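Please examine the sequence and the model shown here before reading the explanation that follows.

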Protein chains: 2
Amino acid sequence: MPIRIYLAGPEVFLDNALEIGARKRDVCARFGLKGVFPLDAELDLSGLAPLDAGLAIGRANEALMRSCDAIVANMTPFRGPGMDGGTAFEMGFMRALGKPVFGYSNASGDYAARVPSTPAADGRLRDADGLIVENFAMPDNLMMTGAVMASDATVALPPSGATGIYDLTVFTRCVEGVARHLTP
Amino acid sequence: MPIRIYLAGPEVFLDNALEIGARKRDVCARFGLKGVFPLDAELDLSGLAPLDAGLAIGRANEALMRSCDAIVANMTPFRGPGMDGGTAFEMGFMRALGKPVFGYSNASGDYAARVPSTPAADGRLRDADGLIVENFAMPDNLMMTGAVMASDATVALPPSGATGIYDLTVFTRCVEGVARHLTP
């Protein structure tokens, strides 16, 4: 039985989500892993009200996560300075189950550098609303970054600048590391 | 032993985080619950490099969550149309542990209404990057909303419009419902 990797990320919102999922699975297979893309559940949502359809997808994703051995999350910033919230939820879910949490981002640089801020008199950065901008030399929030580092890994990042949001270069390097990490 | 509620939310980034935490604990106490605010771990981070400090906070929060019986998450939009990613991670963490997940937001309305989008020929909404805007009649991503509804609750929302981000009116109503739900 190959090791099963839950492939989390906002690719599910692309028109060609199924194609991207197939490409991600191919990359996993190249390294001896079984990639599991959220849409794999192939639900029949016909006739369901939007709310019920959303709930059915959520239940299916939870079951898929429980069937997997680890998660590889796309942490690329999504509609703001931070990653997709649904993907963050899934990282926390797998972390609580004690399964290894891996992540990558197609944007280099720390989270703090992506939030417009000004340094205050106490030296801390503050955003336009006066909220402290966490500055822990991490690519995103400390809970997600911490879950990856607790799995003896680091968030995989492009060497500099950003690649296309759904480019698979950094993902491929991440999966290569995951395979080294998880296979005997 | 009172029921312990993990109080998740971006309030930790406020200058008066400790004061807000104390007020949230007071609200919980009024309904017979023990509120546990993330900063309760009262870590000594002196001398630590930023990365190590962030990791220590993450470990402490995970231990606090394991010590709690349920979570009440502030899902108010944070630096974008969606909620704080760290809080989303924590909702997933508690969900995977099988503990009830509750949430509230100080902004009414569905997630889809907060993302600038245009309807495409197929009737689906698309954002400026061409990504589908999920439209499940939910206040945020289906994973977080689904976790709350799987706990036999709904995300608590203001009657209309938005209250101040850190106003505790909706929080108080949410905690009242949690107490009814969890206490015999």
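Because eleven of its twelve residues are buried, α3(B) is largely enclosed by the rest of the structure. Helices here are DSSP runs of H or I with at least four residues, numbered from the N terminus. Just after α3(B), Gly98(B) takes a positive phi of about 80 degrees.

This is a predicted model, in which local features need pLDDT of at least 70 and side-chain atom pairs count only at pLDDT 80 or more, while totals for chains, interfaces and linings use all residues. Residues are numbered from 1 along each chain as its sequence is written, chains are lettered from A and ligands numbered from 1 in the order in which they are written, and side-chain values use heavy atoms, without hydrogens and water.

The two chains meet at an interface: 52 residues of chain A are in contact (heavy atoms within 4.5 Å) with 52 residues of chain B. Six salt bridges link chain A and chain B, each a side-chain nitrogen of Lys or Arg within 4 Å of a carboxyl oxygen of Asp or Glu. Asp127(A) forms a salt bridge with Arg79(B), with the closest N and O atoms 3.0 Å apart.

Zero disulfides (pairs of cysteine sulfur atoms within 2.5 Å) are found over all chains. For Cys68(A), the nearest cysteine sulfur, that of Cys28(A), is 9.9 Å away. Cys68(A) has 1% relative accessibility and therefore counts as buried.

Terms used
Buried means under 20% relative accessible area, exposed over 50%, partly exposed in between (1.4 Å probe, protein chains only). Helices (H or I, at least four residues) and strands (E, at least two) are DSSP runs, numbered from the N terminus.
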